[in-house]
Amino acid sequence: MTRIHEHTFDAIVVGAGGAGLMAAVYLAKQGNLRTAVLSKLYPTRSHTGTAQGGIGAALGNMGEEDHWEWHMFDTVKGSDYLGDQDAIEVMCRESPEVVYELEHMGLPFSRTEDGRIAQRRFGGHTSNFGEAPVRRACYSADRTGHMILQTLYQQSIKHDVEFFDEFQVVDLLIEDGSCRGAVALNIATGELHVFRSKALVLATGGYGQVWEITSNAVTLTGDGMFLVARRGVPLEDMEFYQFHPTGIRRMGILITEGVRGEGGILRNHDGERFMELYAPNLKDLASRDVVSRAIYKEIRAGRGINGERYVHLDATQLGAEVIENKLPEIADFCRTYLGIDPVTEPIPIQPTAHYAMGGIPTDVDGGVVGMQGESVRGLYAIGECACVSVHGANRLGTNSLVDLVVFGRRAGVAMAEYCRGADLEPAGEDPAGRAREELEDLLSTAGKDGENAAEIRREMKELMMDNVSVFRTDELLSEAKVKLEELRERADRIAIDDPSRAFNLDLTDAWETRGMVELAQITTECALNRTESRGAHSREDYPDRDDENWLKHTLAVSRNGASEIGYKPVSITRFEPKERVY
Amino acid sequence: MRVTFKVYRYQPETREDAYFDSFEFNAEPTDRVLDGLNHIKWHLDGTLTLRRSCQHGICGSDALRINGVNRLACKVLIGDVGSKIKIEPLMGFTVIKDLVVDMDRFFSHYRSVMPYFVNDEAPYDDTTKCILCAACTTSCPSAWSNPDFIGPAAIVQAHRFIFDSRDEGSEERLATLGQRDGVWRCRTVFNCTRACPKEIQITKAIGEVKKAIVADRS
């Protein structure tokens, strides 16, 4: 970290998943703007690639009527009325257009016999405002996210986007209400680079690694979220974290909702289709929060398989042809990791930490909004790290991919516009100073006695899984708060093993561990603060939704190690909150 | 079960030569080889360096030589390999540190085939599965002996577009692949097909590209 390199760009994109690449393609298309994409991974390693089942768009290709207004209603209801309806309208109106745009970029969607983009059922997606399931999810077999990621990376190459691969952003240059760039570690050399810019967009994804059982990659450590939190920007609705009902037992690997969309059924130890009790109308295709709670309740009642902490996802009635053609990756996971054949045997599953509904607060163009509703000039956020809020208290399946491409595109356009009217602002005397000090301090611990980062992560993950997951209580959350404070103190005393500069992933793992503990703390404090149950946030001591007191977003900003909490109103345009039953 | 991981090490900042380290510990037969490597990194030796991300065979980060065969460390279970597991970096690429190899040339070959849609069925379906893990290219003897050979992965990526009837960029792509270090360096050894963790019929795809080039020329 001895040499500091400097770069100047008009726009910088941090993260190269679906959202970041869509923004980059749009920035590049506007012309005459110098754009760089920084990613701690090679772009094609990004987690968008693991999305399986589909991207929701009201195309009505399957001989069924569909309308964006119905998609909007389902999203609002799915969000337990916490989603901002102005933003949800934008997303559902624009999704058919963006799906066709992806198709024109060459994305090979699965097709109907007459050549249209094929669509399948997914949880919570209905026709005529909740009447019956509708086929809305456009898909490429069960590798939809992989095809979106590949297609957008291909387009980035076509449009000459400049990439800095394996560059990890370690600080943001935010001063006086504006973002002037970022400091990144070139992983291959261990040197720091200062990137100055007029506009910067964070597209760094989620933070599922905070939990023990997760569908998220080991690299999903919430970097963008804790970086802004450290610079006084609030995080919104962090108490709302989605547990996907069907993760492979113990490993957490995602089994797409598309399995249930194609007709798969959840069964308990007695072979009962228990979702009939919890969601009489949509059954196995109820919203994810509803299904995850149902599984936990079955397990608690002793009806897990052999009394253990899992149930079965039964896809045997689908037949070999549907499984091999429409769900080949799922079949491969089952054979590789479980040694079972889903054509003939049920899949052992348990809920898995999957998706952050909360994140960095933004407007509908990705512009970051501060505690008092003020805009942070030049700073944008998109994708899972952002909170627009289109998912509210619970996200519907397929809407994450919609979110990525719709708001990635909007942010790209908005940033280009902003860059044309903005000047490059000064970045201060030693912009890399803070990051250099932090990383050098950590590097200097190499080989000394101290805390093991992996051990801190293990304890945090178990604690979050036991105390801050599907069901929450004051007691569990208060205990977690105390223990997380201890973990944060221990994280200050981490000692690493690797003293080298080049490719020191021991160093970056330790750095990420500190950030993750901070995010776990904010999540826990927000969950403790919200004394109601809504969507994915289920308080057993406050089992009802409380619109009178809690129909509002939480904003949490870190101050001296504690979260200071504020609120902002929910946008309600078309659909008045009502009771949510499936 | 008791397992011994024999792991290739190269730490250029502290030691000039490459060497092997052995780690012995308890693991479940259902653990992934990657779980074993993570165990080493997290609890036995934090200096061990490898790329990894999704941990379930989607992202392509952790292609390694496992007992001499190119596999994704996250897609092979310890019980399927045995109690003695030898881990080496992919062959034919420069090693940066331990199991991390320099992927720059791999990705520049990828970029050279116009790997994007140039202008709407299924002759290309198989090759869309590619996750750019490099297991094929680094199992190919032609690529080992000639680093300028464009390699199977780049050809797979080109195939995905050449046989997509909506695409209109194939003439240029076939010209690139028809050059000296293009598709003709392939000697149909089939190592790539065996190495592919996504079971893409790579050698077949390469053969189809060769035919397309010949048809294009005649």
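What covers the buried residues of α12 in chain A? This is a predicted model, in which local features need pLDDT of at least 70 and side-chain atom pairs count only at pLDDT 80 or more, while totals for chains, interfaces and linings use all residues. Residues are numbered from 1 along each chain as its sequence is written, and chains are lettered from A and ligands numbered from 1 in the order in which they are written.

Helix α12 of chain A covers residues 433–443, and its buried residues are A:Ala435, A:Leu439 and A:Leu442. Helices (H or I, at least four residues) and strands (E, at least two) are DSSP runs numbered from the N terminus; a residue is buried if 20 or more other C-beta atoms lie within 10 Å of its own, exposed if 12 or fewer, and partly exposed in between, with C-beta atoms placed from the backbone. Seen down the axis of α12(A), the buried residues fall within an arc of 60° (taken from the directions from the helix axis to the C-beta atoms), so they line one face of the helix. The cover over these residues includes the strands β8 (167–175), β9 (178–186) and β10 (191–196) together with the helix α15 (505–529), which belong to chain A, whereas A:Glu437, A:Glu440 and A:Asp441 are exposed on the other side of α12(A).

Elsewhere in chain A, strand β19 (residues 375–381) has 5 of its 7 residues buried, so it is largely enclosed by the rest of the structure. Strand β11 (residues 199–202) runs parallel to β19(A) and is joined to it by 3 bridges, with A:Leu200 opposite A:Leu379; two strands count as paired if DSSP finds at least two bridges between them. Strand β18 (residues 367–369) pairs with β19(A) in the antiparallel sense over 2 bridges, and in their hairpin, which has 5 residues between the strands, A:Gly373 takes a positive phi near 85°.

Chain B contains an open sheet of 5 strands with mixed pairing, in the order β2-β1-β5-β3-β4. Its edges are β2 (19–26) and β4 (69–72), each with a single partner strand, so one side of each is left without a neighbour in the sheet. Strand β1 (residues 2–9) of chain B is joined to the antiparallel β2(B) by 8 bridges, and B:Phe5 has B:Phe23 as its bridge partner.

Between the chains, 32 residues of chain B are in contact with 33 residues of chain A, contact meaning that the C-beta atoms, placed from the backbone, lie within 7 Å.

Terms used:
Two residues are in contact if their C-beta atoms, placed from the backbone, lie within 7 Å.
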